[in-house]
Amino acid sequence: MGFADAARAERLLLTDLGITTAELRTDVVVIALAAVADPDLALTGLARIFAATDSPDALRMALRGEQDFRDRLTAVLGVSAGLADHLARHPEDCEVLRGAVSRPGPAELREDMLTAVGAIPATPADAIGAEDPVACGTEPTAALAAAYRRRLLHLAARDMTGVATVDAVAEELADIAAAVLEAALAVARAELSAKAAPCQLAVLAMGKCGGRELNYASDVDVIFVAEPVKDEDEIAALATASKLAAGLIGVCARSTPEGSIFPVDPNLRPEGRAGPLVRTLASHQAYYERWAKTWEFQALLKARPVAGDMALGQAYTDTLGPLVWQAARREHFVEDVQAMRRRVEQSLPASQAGRELKLGPGGLRDIEFAVQLLQLVHGRTDETLRAPATLPALAALAAGGYVGRADAEELGAAYRFLRRTEHLLQLHRLSRTHTLPEDPAVLRRLGRAMRFTDGPNEPWWQSAETVIRPDPAVEFDELWRRHARQVRRLHEKLFYRPLLEAVARLPSEAARLTPAEARARLEALGYVDPAGALRHIDALTAGVSRRAAIQRTLLPVLLGWFANAAEPDAGLLAFRQVSDELGSSPWYLRLLRDETKAAERMARVLASSRYAAGLLLRAPEAVAIFGDDAELFARSLAALRAEMMAAAQRYEDDAEGAVTAVRSVRRRELLRTAAADVLGVNGPTGKALAATAEALTSVTRATVETALAVAIRKISAELRGPLPTRFAVIAMGRFGGHECGYGSDADVLFVHDPLPGYPERQASDAAHAVAVELRRLLALPVPDPALVVDSDLRPEGRQGPLARTLAAYRGYYQRWSAPWEAQALLRAEPVAGDAALGAEFTAMIAEFRYPEGPGAEGITAAAVREIRRIKARMEAERIPRGADRALHVKLGPGGLSDVEWTVQLLQLRHAHALPGLRTTRTGPAMAVAVQAGLLPARDAAALMAAWELAARIRNAIVLVGGRASDMLPARHRELTAVARLLGYPPGDAGQALEEDYRRAARRARTVMEPLFYG
């Protein structure tokens, strides 16, 4: 019969309920108990009531003789141990379930609660001349708690037997809460000193209570507004109002034999917990007009006067209500909205998120958020959308054509299902919970209670005879998951699908957004040029082709992904351009349609990085890399070298064609690296930066190696013989340090060594020709990006020969070189050409870059002074005039050069004695310095943090804008885009990045000055 513990059930039925053995299978009470959600729970509760009542025979007779009473009581007891507790304390309250049971109105509920606390409710609170009700009696709070639970019992009985729909239940719960607040205020008045100054106090419900969509166990969010009476002192009146407000909160939270009532939360007030509990209307208005954030206007959408001075409460909503509908015009509205979404998503533990009915994916908040955002956007001009409750607002959105009717029906059904589930979970113990347990017994109780009817006005209770299911727990779990999936899907579709219908003239039974409404929605979602965006959407979706049909399927989600990135307009434009190029290729749209990850990655890259988008547009077929994780990881130097050499070999007699093919491979690898950077597939921050730098260095090296081979081949052909000299390329600067960024040139030195039997002049001319040809080939004006080969670090700079012999380099460094040139050699590393010559060059410069001085330090004091002088001169002269020096990430205080020059000075001083310092790389050199005791670990951490952040900022500037810069962007939008790419959340991303950089740079400069300047 449905009892989990049959032996215990039989004992309770026989001993506690007085049912005979012969009646066990035929008694109507037993049959009713077997039909409820949890027969064991219901039987336990009923046995407790029989034990507590003075008239068990009368109760048994009523249960057997009155079907409505029997169904109501057993249905409640089958879901709620909390209400069973109440009935065990007050078995006489079973009487409220007998006879005709109808829904009470707000006035009846108010009268009931005021009567419970001994107040006189004869005059409605909003009538002219009404006196404020004051409680009397010895235990008004306990009486109020009992009356509150009695009303919950009355409602739950109608709820569990299908008399009340979920919409009506939520409304009545809010009305009950409002009546309780009125009665609690009456108790607070009774506890107030007789000397207190008179005041007017209104209580405004917010959140679910304000929207009349409350739960069985929920906080009640409120805001208090007060005014002095006539000419009374405002300060004294506010003091009285504050005591009344605090008293009301205390009454509702007070522990009594009946338990407490519910928490009253006033933290939605201006300034939250830091602000005064009570303000005047003028103070509220001033705050919302000057200081309120977007979420505070969203909260005001549900404000409703419920207790106290109703006229004052109405004045509050009349005054502040219009401000709600101006919120969507605020600067940063979209960023604020995205920040709210992020806070909700991040507020849940990962282990809990999947079963959270309220805040989890596909939960109630997804529906409420979507509805409220559309209200804020379109309610400015359409007053029919200004409904505080979710379901009426959703119906209004559908009626106005802002949401498809079928979508609204699905969302409404899912919302009702989730609210019913939430109600059932909370009814069990009359406690707050939004998490769906995994316990099969709980799921079984929910499944049996729900009866799986989703219609908005249909009863969701059916008699046991009409419902036969083998496993309610499994069926409930399946239905919950289906609703959650629908909500998540519709949450995205809700915003974007009507945009397509507005411009693409799609056949649809639902009304479409007008172009003006579509532009308003795009603008609210973050598109700077909504008219342009609509043109792109039109171009992509117009027509009846299969391509247009697939685009109409893709774009609703893609538009959302673009909007979640920093540059949605640029992302949509780039997507249109790529689609124009590849739209006729069957694999392209199939990839995006069938591989969600590929489509999302592409959207994020296109809307985050103009640099990556530009690379992709030069060869759109590279979009295929987004469909395979392995394609986003950098290739090895050996693999790059082999592919580039093979590409060049196909153009044996065409040097320009060969290097153009090489540069095409380089462009693809730059895109691969940039995409991996934007998508964050390279791991944590420090590791990702190193991986990016190594990938870019390898691409540059392979490109230079292959271009050098092509240049030597061409010059040899022109000479009609082999090159008369050995030739090598030495990487310098960031290239030699394996720290290349997206904006880095290839700093190099060219060295050669004449072959025996060839005059040095002939060898030098040939080497010069090779160097010139190498630079020319890599700078040719072809669609793929050029690689600037910069040789200005050579002896005598631009005035000196482009290529020198090994002996000439030795002679120059021995006689003429300045200290900064020895410092530059710390980064020298052979990368192309004759490997033996490169090794000889490396051996030759060791005495200059790792000098052994007369003392313990390798570099002389005079050389240290010269390096410090040059550093100070660079800081003074090379930062642009008028620029904020603190925001110059290369030369500014605490920037890249501060860190690098500090480490390099340590190398010049100690590398002769510490072989570990003989590295071209900043990070490893710093680590060795720490191990050797030359640099405290804490100081090294400060230097490395600033250096990594500066390097990441430089890369992000190029990725976002496509151009290199060493200054943090001054324009808010550009700075925000850089910050978003670096992982800062929406909202104040740009400001947060600037503050973080200033802080890191200050710490680095504090460490650098004593280390470098002494």
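This is a predicted model: local features need pLDDT of at least 70, side-chain atom pairs count only at pLDDT 80 or more; totals for chains, interfaces and linings use all residues.
Reader: Let's start with the overall picture. How many helices and strands are there in the protein?

Author: There are 42 helices and 10 strands. The C-alpha atoms fill a box of roughly 125 × 70 × 60 Å along the principal axes, and buried residues make up 57% of the 1014 residues.

Reader: Why does Ala-174 count as buried?

Author: Ala-174 has a relative accessibility of 0%, and buried means under 20%, so Ala-174 counts as buried. Ala-174 sits in helix α9, residues 166-190. Leaving aside residues up to four places away in sequence, Ala-174 touches Cys-209, Arg-212, Glu-213, Leu-214 and Arg-304.

Reader: And how far is Ala-174 from Ala-779?

Author: In sequence they are 605 residues apart, and in space 72 Å, C-alpha to C-alpha.

Reader: Why is Glu-271 called partly exposed?

Author: The relative accessible area of Glu-271 is 45%. Exposed would need over 50% and buried under 20%, so Glu-271 ends up as partly exposed. You'll find Glu-271 in the loop between β3 (264-265) and β4 (278-279).

Reader: What makes the backbone of Glu-271 worth a look?

Author: Glu-271 has a positive phi of about 70 degrees although it is not a glycine. Most residues other than glycine have a negative phi.

Reader: What about Glu-796, what is its phi and where is it found?

Author: Glu-796 has a positive phi of about 70 degrees, and it isn't a glycine. Its place is the loop between β8 (789-790) and β9 (803-805). With 45% relative accessibility, Glu-796 counts as partly exposed, because that value falls between the 20% and 50% cut-offs.

Reader: On to helix packing. Why are α38 and α39 called oblique to each other?

Author: The axes of α38 (residues 896-910) and α39 (residues 922-931) come within 10 Å and cross at roughly 55 degrees. Roughly parallel would mean under 35 degrees, and roughly perpendicular 65 to 115, so α38 and α39 are oblique to each other. The crossing of α38 and α39 is left-handed.

Reader: Which residues make the contact between α38 and α39?

Author: From α38 it's Val-899, Glu-900, Val-903, Leu-906 and Gln-907, and from α39 it's Thr-922, Ala-925, Met-926 and Ala-929. By class, the contact of α38 with α39 has 6 nonpolar, 2 polar and 1 charged residues.

Reader: How do α29 and α30 cross?

Author: The axes of α29 (residues 637-649) and α30 (residues 655-679) come within 8 Å, crossing at roughly 145 degrees, and the crossing is right-handed. Leu-640, Glu-643, Met-644, Ala-647 and Ala-648 of α29 meet residues of α30 including Ala-658, Val-662, Arg-666 and Glu-669. By class, the contact of α29 with α30 has 8 nonpolar, no polar and 4 charged residues.

Reader: Last topic, then. Which residues have the most contacts inside the largest nonpolar core?

Author: Phe-575, Phe-626, Phe-727, Val-729, Phe-750 and Leu-993, in a core of 151 residues. Helix α40 (residues 937-961) gives the most to this core, with 15 residues. A second, separate core has 125 residues, among them Phe-69, Ala-164, Ile-249 and Leu-424.

Reader: What does Phe-626 touch?

Author: Not counting residues up to four places away in sequence, Phe-626 touches Lys-597, Ala-598, Arg-601, Met-602, Val-605, Leu-616, Ala-675 and Leu-679.

Technical notes: Residues are numbered from 1 along each chain as its sequence is written. Side-chain values use heavy atoms; hydrogens and water are left out. Axes are lines fitted to C-alpha atoms, for helices over the stretch in contact, and angles run from 0 to 180 degrees between N-to-C directions. Helices (H or I, at least four residues) and strands (E, at least two) are DSSP runs, numbered from the N terminus. Angles under 35 degrees count as roughly parallel, over 145 as roughly antiparallel, 65 to 115 as roughly perpendicular and the rest as oblique. A crossing is left-handed if the near helix is turned anticlockwise from the far one by less than a right angle, and right-handed if clockwise. Contact means heavy atoms within 4.5 Å. Ala, Val, Leu, Ile, Met, Phe, Trp, Tyr, Cys and Pro count as nonpolar, Asp, Glu, Lys and Arg as charged, and the others, Gly among them, as polar. A nonpolar core is a set of buried Ala, Val, Leu, Ile, Met, Phe, Trp, Tyr and Cys residues joined through side-chain atoms within 4.5 Å. Buried means under 20% relative accessible area, exposed over 50%, partly exposed in between (1.4 Å probe, protein chains only).
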